[in-house]
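Please read the following account alongside the sequence and the coordinates, which are shown here.

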Amino acid sequence: MEVVYALAIGVLTGSGVWLLLRPRTFQVIMGLSLLSYAVNLFIFGMGRLTVGSAPIIDAIKQTDPSLYDDPVPQALVLTAIVIGFATTALFLVVLLASRGLTGTDHVDGEDSEP
Amino acid sequence: MSNWLQHLPIFPVVIPLVAGAAMLLFADARRTERTVIALFATLANLAAAAALVYMASEGMPEVWPGGIAVYLLGGWQAPFGIVLVVDRLAAVMLMLNAVLALTSLVYALARWKRMGPHFQSLFQFLVMGINGAFLTGDLFNLFVFVEVLLAASYGLVLHGLGEPRVKAGLHYIAVNLAGSFVFLIGVSLIYGVSGTLNMADLAARVPALDDGDRILFETGAAILGVAFLLKAGAWPLNFWLSSAYSAAAPPVAAVFSIMTKVGIYALLRLGSLLSDSSAAGAPAPFNDGWLFGIGLATLALGAAGMLSAQQPQRLAAYCVIASSGTLLAALGLGGAGMKSAALFYLVSSVLATGAFFMLSEMIERTERFGENVLAITFESFGLEDPLDPSLPDDVVGTVIPAAMAFLGLSFIACALLVTGLPPLSGFVAKFMILSASLGTAPLETLPISVWMLWAAILGSSLTAVIALGKMGGRLFWSSEDIVTPRLHLIEAAPVAVLLLLSVALAVGAGPAADYLVLAGHSLSSPQTYIEAVLGSALSPPPSTGIEGNWGN
């Protein structure tokens, strides 16, 4: 499971970085979105991957920590998703404003090619 | 009374938050209400910061023993809950931010607040984010506050719109979004290894890590350091800075001049806490050698940029980069007394660049209308040409006489501050840095890096003299078609206040330096900070009413 998980993060990060470096604003925002997915998965993975264990202490089960998942990364990832989503959405607005003002979707506001 | 004072550390976060939210309830047209709320909140913020500065200097030992206040949010004990920590360093930074916020707000009231929606609310949220970043003692909470200040700054950098702003804002937002992801990776990696997000707890736990975990921790710290350096505007991560700062509305750019210092503050704080985590010192980006090289490169870029700048505001943006470079290089060199000298320079340079940004816009008005960015903004918001004498004057406040004389004198004062020439505080600050660098070793065995720092600081100051002299001559002496601008009292006063504060900082350099020396000492001995945070208990005992319900 760890290998698949790590590969997924790697593929998302790789494509995200590549798209981020492209000259079109649409590619940049796609790259940022993919990067944010990769980062969210990464934060989640930092709480160790476990199957079938809840992050909330159950009254019936014992209080042995190894029976439970780490709740902190799940709380962190929730915050990171909200913040990342909001700021990326804001970027989308700026991107549209830039398209409207400059008439091109190049990140520099002008096309270098003839 | 003392119970009430216990809650003082949360005030710099709560006041701007409540004020910013309250202003959203008023429609954009109800300017008076918004202005009153904004002014009141900013003044209250300044009062709270001043009180914190006093309390952190052990002014009231019965409330805050040792001058360090730990505020437990929600009453949770330190490593489990989020804490806000106020010590001398944090209090000074809060005070600086409050002064800068008040002056830029007053400047913006003259004209700029009307050039886009929700300026006042965004401004308050920016102040809240910056204050929170200085206060927090928790890594993830630091991320959240940095995001709050960035989200507000995304809105503010576009304030006034126009093509140059949107273009620069696009780059600014993209770079900082990517930077935030880097920040998150670093924080989560550190959590995955050490199992804590509390900075003091982290410093206590890191020495116990085994070798395998140690490498992962260093990697996480390095990634986190890259994010801090990006915020600090360090080379080679600062190419977004000059265009974003020079395109932003001047009062916004003035507040932005403390934003780069948030990155420096984070580096300083975490570096100090992690410094005795291993025999080799702090992890890579907080390590002295790295910071020194990066600082020199940043300083060189800032100096070169100053020479190439054509508009005053772009020149001010490069001054921000140069001040970041000086700080990073000075902190990288290390040595006794260097931290307090660097803090003195930080205070002086933030005041100087803040004044310079506001001044630069007033200077640009001396050029003929329609040749600068300002014109685009006026056009897009349908405001009249403010220099057209046939139109009725709708700007509040009194027009000050001898506008050119005021502009010229202020420009000279800014130039003296930036270049570090006597008699203003810029000179005292640079002198303190250079003299502290000599104290690192006996004179015969001084390492080459000290002389490199001397060459870099003196060389960049000379470059700044040339650049500012050239700019001043071109602006004030050469052109025949110079327009005498109409300045209003509430525009001129903030600049004058910031410059007078620099004068005060130079006159009262002794007491100010004493305070900062103690702040520097507490950075060099992080044990006090760690013990204060981890040993903090609730002053009122927690209510026990809920506890019986657990486990049913």
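This is a predicted model: local features need pLDDT of at least 70, side-chain atom pairs count only at pLDDT 80 or more; totals for chains, interfaces and linings use all residues.

Residues are numbered from 1 along each chain as its sequence is written, and chains are lettered from A and ligands numbered from 1 in the order in which they are written.

The secondary structure of chain B comprises 21 helices and two strands, where helices (H or I, at least four residues) and strands (E, at least two) are DSSP runs numbered from the N terminus. Of the 552 residues in chain B, 58% are buried; a residue is buried if 20 or more other C-beta atoms lie within 10 Å of its own, exposed if 12 or fewer, and partly exposed in between, with C-beta atoms placed from the backbone. Among the contacts in chain B with a separation of 6 or more, 79% join residues 24 or more positions apart, a contact being a pair of residues whose C-beta atoms, placed from the backbone, lie within 7 Å.

Between the chains, 24 residues of chain B are in contact with 28 residues of chain A. On the chain B side, the elements that give two or more residues are helix H6 (139-157) and helix H7 (163-194), and H7(B) gives the most, with 16 residues. This side of chain B divides into 16 nonpolar, five polar and three charged residues, where Ala, Val, Leu, Ile, Met, Phe, Trp, Tyr, Cys and Pro count as nonpolar, Asp, Glu, Lys and Arg as charged, and the others, Gly among them, as polar.

Across this contact, helix H3 (residues 71-102) of chain A packs with H7(B) at an angle of about 165°, with their axes 9 Å apart; axes are lines fitted to C-alpha atoms, for helices over the stretch in contact, and angles run from 0 to 180 degrees between N-to-C directions. H3(A) and H7(B) are therefore roughly antiparallel to each other, since angles over 145 degrees count as roughly antiparallel, under 35 as roughly parallel, 65 to 115 as roughly perpendicular and the rest as oblique. The buried residues of H3(A) include Leu76(A), Ile83(A), Phe91(A) and Leu95(A), and what covers the buried residues of H3(A) includes helix H2 (25-45) of chain A together with H6 and H7 of chain B. Just after H3(A), Gly103(A) takes a positive phi of about 75°.

Within chain B, helix H4 (residues 88-110) and helix H20 (residues 509-524) pack at an angle of about 130°, with their axes 8 Å apart, and H4(B) and H20(B) are therefore oblique to each other. Here Arg88(B), Leu89(B) and Val92(B) in H4(B) meet residues of H20(B) that include Tyr515(B), Leu516(B) and Ala519(B).

The peptide bond from Trp235(B) to Pro236(B) is cis, with omega near 0°, and Pro236(B) lies in the loop between helix H9 (211-232) and helix H10 (239-247) of chain B. The peptide bond from Pro422(B) to Pro423(B) is also cis, with omega near 10°. In chain A, Arg48(A) has a positive phi of about 65° although it is not a glycine; Arg48(A) is found in the loop between H2 and H3 of chain A and, with 11 C-beta neighbours inside 10 Å, counts as exposed.

Note on methods:
Two residues are in contact if their C-beta atoms, placed from the backbone, lie within 7 Å.
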